[in-house]
Amino acid sequence: MKKLGLLGIPLLIICATSITHAQQHGVSDLTIAYAMKVTTGKKMVAAADGYDGSSKTVFVSGKRARIRLVSLMRMESIYFPGNAGTNSFATRVKESGKNPYKRLHTKEEWKKANHHYDSVSCVFFSDSVEILGYLCRKAVITVNEGEKITAYYTRDLPNLPENYDPAFNCLPGLVMQYEYSYKSAMVSCQAVSINRDPIDSKIFSIPASIPRKTR
Amino acid sequence: MADISNIDQLKDHQEQPPLSLYDRIMNTVKAQEDKDALDLQLKDLGSMEIDPQEHQYAAISRAIKKEKSPLRHMIIRISAVAAVLFFFIAIWGILQNREMGSGVIKFAEQYRPAEKQVASNKTYPAPVSISEHRSLSADKKKHVLTPSLIQQYQPTISGTNETMSWVENDLFYTILNCRYVAIAPYFENESRQLIVNVDQFSTATVSDKMLQFMKTMYSTNKRSKPTRKARRASRKLEKWKKADALYFDQKNKHNPLDIIDITRFAAGGIEEEEQ
């Protein structure tokens, strides 16, 4: 009994340390791929059809994160270094095209760039759906202008750190599916794969060769 | 019955014409006499022979034989020969083009944009503009694959071994730059989805609408040149790229990763002609 008690103390310490580490350093490595569906609502082919079939990939490692869009029209990433010491909260990098660029944002600038989500509220429903083996619940997110985003989230996976994807700040878990309609157009994203393999730190390196855009 | 035995005696009868008519009668008789005299003189001349001078001989000969001038004759002959030659050259040229065309198409079946050329850039109308417009080697020099593309992964068409080389780090142009034989099955079979593995994490699926649009860009005429529709599609793509850059790259107002921004872009994007 005494031995068990002695053994329990180190175990408790280890567990406490792990929890603290997770809290301080965010989510352990997670890669989520979403498939994006864009419908313009028009018979004619348009530029936005170039985004139909694109993929959105979210890489998370602790506080670091990267959200990447790969589509016919462009490839773009948003890097969140997650380090309070850096002068950039979020760096938007356009990787594709003749004129790639990167744009640094402080926390305030990032908030301003996402002005749609200055006030976001969630209403939760009991509707549920299973996505990739995770039970997901429905939520309707109301944004500034009264626009509504319908989302399905899972509590089994942690949400991204605050303001990384500000539309889903109010969700208690990771968003697995969401859609939004405006006029005749509709965009929906659904998670198609989740991977917990360790992520190479190079994924989170912002390429130095890409020029910086200030305006 | 009247007595007609005295009619013979009338032949010796003479009557002087009226004076007013006398001159006219005399002139007529005299003219006839002169004519007869002239005819007699000319008849004499008919037997006379004179050898013409040399320069006169040719002219007289031509006039008689109704010959054309030698120079004109030569020109006509040369023109006729030239016309015949031109005809045969034209036939040969047509036959040559036909053979070349089929050869090009065969070549195109195995190779890429250069052959089944994709009308791409506004700088020129026809095919492939992508490889003509910006050579891959130039692109590779200008736009080195960066870590942001994750391990400089060469994109591939899912389910095949078809590897593509990046063109301007742009997936659209990269797909258009791949071998026609690799992409043609997706044009022909509407149920087949064209999925591109960009790297080990990301894939992109070409929608049906975009696939049909790409097919238009590959359309060629009998001379294996892009059709007008293909060139129009190429200009359309350039227009889209500009509109996309204007909406998402200017002034940091819109973010393609933001669902609201991208939906509004889809709702209010450029309206194109019906396919």
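Modeller: A polar contact is a pair of N or O atoms within 3.5 Å; within protein, one must be able to donate a hydrogen and the other to accept it, and residues adjacent in sequence count only if both atoms are side-chain atoms. This is a predicted model, in which local features need pLDDT of at least 70 and side-chain atom pairs count only at pLDDT 80 or more, while totals for chains, interfaces and linings use all residues. Residues are numbered from 1 along each chain as written, chains are lettered from A and ligands numbered from 1 in the order written, and side-chain values use heavy atoms, leaving out hydrogens and water.

Biologist: Which side chain does Asp199(B) join in a polar contact of 2.6 Å?

Modeller: That of Arg68(A). The Asp199(B) side chain also reaches the backbone nitrogen of Ser202(B), at 2.7 Å.

Biologist: Where is Asp199(B) found in chain B?

Modeller: Helices (H or I, at least four residues) and strands (E, at least two) are DSSP runs, numbered from the N terminus. Asp199(B) belongs to the loop between β2 (194-197) and β3 (203-206) of chain B.

Biologist: Is Asp199(B) buried or exposed?

Modeller: Buried means under 20% relative accessible area, exposed over 50%, partly exposed in between (1.4 Å probe, protein chains only). With 3%, Asp199(B) is buried.

Biologist: Now for rings. How many aromatic pairs are there over all chains?

Modeller: Rings of Phe, Tyr and Trp (its six-membered ring) pair if their centres lie within 6.5 Å; planes under 30 degrees apart are stacked, over 60 edge-to-face, the rest tilted. The count is 18. One of these, Phe80(A) with Tyr164(A), is stacked, at 4.2 Å centre to centre and 10° between the planes. Phe80(A) is in strand β4 (residues 75-80) and Tyr164(A) in the loop between β9 (148-154) and β10 (174-182), 84 residues apart. Both residues are buried.

Biologist: And what are the values for the tilted pair of Phe187(B) and Tyr218(B)?

Modeller: Their centres are 5.6 Å apart, with 55° between the planes. Phe187(B) lies in helix α7 (residues 180-188) and Tyr218(B) in the loop between α8 (208-217) and α9 (228-249), so the pair ties together parts 31 residues apart in sequence. Phe187(B) is buried at 4% relative accessibility, and Tyr218(B) at 1%.

Biologist: Which residues do ring pairs link into a cluster?

Modeller: Tyr51(A), Tyr247(B), Phe248(B) and Phe265(B).

Biologist: Which ring does the charged end of Lys213(A) sit over?

Modeller: A charge sits over a ring if NZ of Lys or CZ of Arg is within 6 Å of the ring centre and within 35 degrees of the ring normal. For Lys213(A) the ring is that of Tyr101(A), 4.4 Å from its centre. Likewise, the charged end of Lys138(A) sits over Phe125(A), 5.3 Å from the ring centre.
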